[in-house]
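Thanks for coming. I will take one structure today and go through its parts in order. Please have a look before I start.

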Amino acid sequence: MARLAVDPAFVVGSLDRRLFGSFVEHMGRCVYTGIYEPDHPDADRDGFRTDVLALVRELGVTAIRYPGGNFVSNYDWEDGVGPKQDRPRKLDLAWRAIEPNQFGTDEFVAWSRKAGVDPIWAVNLGTRGIQAAVELLSYCNLPAGTELPDRRVANGTKEPHDIRVWCLGNEMDGPWQIGHKTADEYARLAEETANAMRRVDPGLELVACGSSNAQMETFGDWERTVLERTYDLVDHISLHAYYEPKNGDQASFLAAAEEMDAMITSIVATADHVKALKRSDKEITLSFDEWNVWYQQRFPGELGLDVREVSPLIEDTYSVDDAVVVGSLLITLLRHADRVKIACLAQLVNVIGPIRTEPGGRAWRQTTFHPFALTAQYAGSTVLRTEIAGPTVHTARYGDVPALWSTATYEESTGEVVLFVVNRSETETLDLEVPLHALGPLHLTEHLGLYDDDRSAANTAAEPDRVVPRPVDGTGIDNGICRATLPPASWHMIRLSPGGTR
């Protein structure tokens, strides 16, 4: 038996909808034959795949980071604007692919408007720097009347793009990054770039690069060094993390949210340490702008890639267990909604994406699509604290962890309460009890679960709906207590609406 305590008096914080962001990088087939394929039967006049656009809207993505990723650290943004016939073909050093530059700044903004998402832009602080960042910002955000915005107008966009969130480089702590820097080198460059960008547009939100993962030797110290120089100039510090089963240890993989939870807690503590040192009233929030399940052990590394035209790269096919983990990671982000204000599932299409496509053919939902879409659709505006009592699961990596992982949201406008829960046990069914007395009279609207007897089951082009959320039988409310049965290794959404008896 697992018991979940929820009370509207105990609030984590307001939910920033940008927590349901994603990521588009010029990597593999994310852009070309992913979101952009002019010769596709379903392409619109801009070359955007309308079947993919429909899935992006269904996914519920709110903001998308672009153009990278490692790609941005050797990207000359000027190559991707202007007449397409004049744009150069270049070797991208990040992924050793030929970049045709047929999709760039103006195309991505136009695509994002059609998708109904806000663009988040990263600037190149690897091979470029302050001047290129300022010029790109000027091109995007200033009204006509000076050279760079006039170039934008000449390229077909009269009104400013008005991009509000900008990332100051990407993973600059990583030795794989073109233009990799020490913490001191990056902090100095980020400080000066932020200062110059605010001269162009003072109201921007700026994201400083944090650690590429929690295993970096500089983790924690990197954030301290960067924030000591940039604290007054930036709004967010970034985090990146990817998760996969290692050595067949599926129990630890199902509990990967423990690692994300600890990483967030550590970076919040570091940011608040700098706040205290500076005696500042300002609070730095977090942009977890790359996260996902990624089977990195299958990736040969950048130098293991041959120079080639755009072709498939890290197109992982996701299983039921992968979807359960993605759902649990989303729960973790919600549990930290007071400090995590932006998060980007990396990436959106084909490249470890929840959406897959065939060139010239179909598009379909991976298993991981479903927990993301349902959470984005139904999560309320306020995240509530949940307290868990119940059995534990032993893991080799994290020790004993609660079998139940959970969060809850409340929507004041409707009174709806939504529970998002995961049973992380591989073998044991969980009988869940949730006392609702503090929440007022509620009735069960819907209980959907994602699980399967074959936990390796996946969605494919031939069988795109092999794994989908399904109604869960037996859930109900009796004497003010919601009771549900959660099969092993399963993700759930339970919607409770006003009405009924206490």
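What distance separates the centres of domain 1 and domain 2, taken over C-alpha atoms? The centres are 30 Å apart. This is a predicted model, in which local features need pLDDT of at least 70 and side-chain atom pairs count only at pLDDT 80 or more, while totals for chains, interfaces and linings use all residues. Residues are numbered from 1 along each chain as its sequence is written, and side-chain values use heavy atoms, with hydrogens and water left out.

Domain 1 covers 2-9 + 382-498, and domain 2 covers 15-378; the bounds come from an automatic or database domain assignment. To the contact between them, domain 1 gives 45 residues and domain 2 gives 39 residues. Contact here means heavy atoms within 4.5 Å. There is also a record to mention: UniProt, in an unreviewed entry, lists residues 289-490 as "domain: Alpha-L-arabinofuranosidase C-terminal". UniProt positions are given in the numbering used here, feature names are shortened, and annotations may be inferred rather than shown by experiment. Over residues 289-490 the chain is 13% helix and 38% strand, with 25 Å between the end C-alpha atoms.

Now the barrel. Eight strands close into it in the order β2-β3-β6-β7-β8-β9-β10-β11, with parallel pairing. Strands (E, at least two residues) and helices (H or I, at least four) are DSSP runs, numbered from the N terminus. Two strands pair if DSSP finds at least two bridges between them. From one strand to the next the twist averages 30°. For angles, axes are lines fitted to C-alpha atoms, for helices over the stretch in contact, and the values run from 0 to 180 degrees between N-to-C directions.

Which strands does β11 pair with? One is β2 (residues 21-23), parallel over three bridges, where G21 has C344 as its bridge partner. Another is β10 (residues 285-293), parallel over four bridges, where W291 is partnered by L345. Seven of the seven residues of β11 (residues 340-346) are buried, so this strand is largely enclosed by the rest of the structure. Buried means under 20% relative accessible area, exposed over 50%, and partly exposed in between, with a 1.4 Å probe and protein chains only.

W121 stands opposite W166 of β7. Leaving out residues up to four places away in sequence, W166 touches W121, V123, L136, L137, C140, N141, M197, L204, E205, L206 and V207. Helix α2 (residues 105-115) lies across β3 (63-66) and β6, at about 150° to β6. Helix α5 (residues 183-200) packs on the sheet and touches β7 and β8 (205-208), its direction making about 155° with that of β7.

Next, the open sheet. Ten strands form it in the order β21-β20-β24-β18-β17-β14-β1-β19-β23-β22, and the pairing is mixed. At the edges are β21 (470-471) and β22 (476-478), each pairing on one side only. Strand β1 (residues 2-14) pairs with β19 (residues 430-435) in the parallel sense over two bridges, and R3 stands opposite E433 of β19. Helix α9 lies across β1, β14 (382-389), β17 (404-411), β18 (416-423), β20 (442-450) and β24 (490-498), running at about 55° to β17.

Within α9 sits T332. Is T332 buried or exposed? Its relative accessibility is 0%, so T332 counts as buried. Leaving out residues up to four places away in sequence, T332 touches A257, M260, D261, I264 and W405. T332 and W405 are 73 residues apart along the chain, yet their C-alpha atoms are separated by 8.5 Å.

Last, the cores. A nonpolar core is a set of buried Ala, Val, Leu, Ile, Met, Phe, Trp, Tyr and Cys residues joined through side-chain atoms within 4.5 Å. The largest has 139 residues, and W111, W166, F288 and W291 have the most contacts inside it. Helix α9 (residues 320-335) gives the most to this core, with ten residues. Domain 1 and domain 2 both give residues to the core, so it lies between them. A second, separate core has 24 residues, including A403, A408, L432 and L439.
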